[in-house]
Amino acid sequence: MFQQQQQVQANGSDLVVRQLFGGAMSILLPVNYLDASHFREIPDNQEVWTDNLEAPTSSSGVQSSSCPSIIIEILSRPENVSDANITEFLFNDLADANHVAANQRLLLMQPFNDTQQTKTSNFPMADYAAGAVGKMMVEKNRGMDEVTVFLWVVRLKHIDTDILISLNDPMVKYSTSDEAAQSSRMKLFEKIIRSLTVNDWNLFA
């Protein structure tokens, strides 16, 4: 198990263990990312971390300013959404929550099955896991931001729960799926999702 002050290097970024949901979960995050709950109200089922306290984030979690954010979200499993469709469903759900028009959202990287790697790393009880990368135009005070969204979801049927992690970054732009897949941001995101740990399963009771 990680220690609170453990730090590692990932693609030139210092990562530190952060406690989530009162210590019931933990994760590695960039050391400069700060807990957004210190300056605004966050829903009980979310943890929102941003690298700039001056930058407001929309209530749905997607960063709508000039700074990246990371959101960890505990979700009830949506009815009638298959494993194959869950990642695209969640991407569109984020876009809808931010009033993004259908022609202003795009999955750059089609959802990829991540179940086996998730089972062998941090969630051996996972029923399904997948990731994707998309982009959307999010409205802000001074105009529109093109936000790149890295998504990963793990499905845990035995507790009727999906856990979603998203990295929302308006500072990087990708034209193709290959460009996104080979980026330093993707490598950072992979490090983050592999580190997610449940310390107390009573969180889901």
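The model is predicted. Its chain has four helices and 11 strands, and 52% of the 205 residues count as buried.

**Chain overview**
- Taking contacts between residues at least 6 apart in sequence, 57% join residues at least 24 apart.
- The chain exposes about 9,700 Å², with carbon and sulfur atoms supplying 46% of that area.
- Searching the whole structure turns up seven salt bridges.

**Arg77 and its partners**
- Arg77 pairs with Asp160 in a salt bridge, with 4.0 Å between the closest N and O atoms. Arg77 lies in the loop between β6 (69-76) and α1 (83-97), while Asp160 lies in the loop between β9 (143-156) and β10 (161-169), so this pair ties together parts that are 83 residues apart in sequence.
- Arg77 also meets the side chain of Asp162 in a salt bridge, at 3.4 Å from N to O. Here too distant parts of the chain are linked: Asp162 is in strand β10, 85 residues from Arg77.
- Arg77 has a relative accessibility of 18%, so it counts as buried, the cut-off being under 20%.
- Asp160 is partly exposed, at 46% relative accessible area.

**Asp162 and Arg155**
- Asp162 forms a salt bridge with Arg155 as well, the closest N and O atoms lying 3.0 Å apart.
- Both Asp162 and Arg155 are buried, and the relative accessibility of Asp162 is 0%.

How values were computed:
Residues are numbered from 1 along each chain as its sequence is written. This is a predicted model: local features need pLDDT of at least 70, side-chain atom pairs count only at pLDDT 80 or more; totals for chains, interfaces and linings use all residues. Side-chain values use heavy atoms; hydrogens and water are left out. Helices (H or I, at least four residues) and strands (E, at least two) are DSSP runs, numbered from the N terminus. Buried means under 20% relative accessible area, exposed over 50%, partly exposed in between (1.4 Å probe, protein chains only). Contact means heavy atoms within 4.5 Å. Accessible areas come from the Shrake-Rupley method with a 1.4 Å probe; for residues, only the protein chains shown count as cover.
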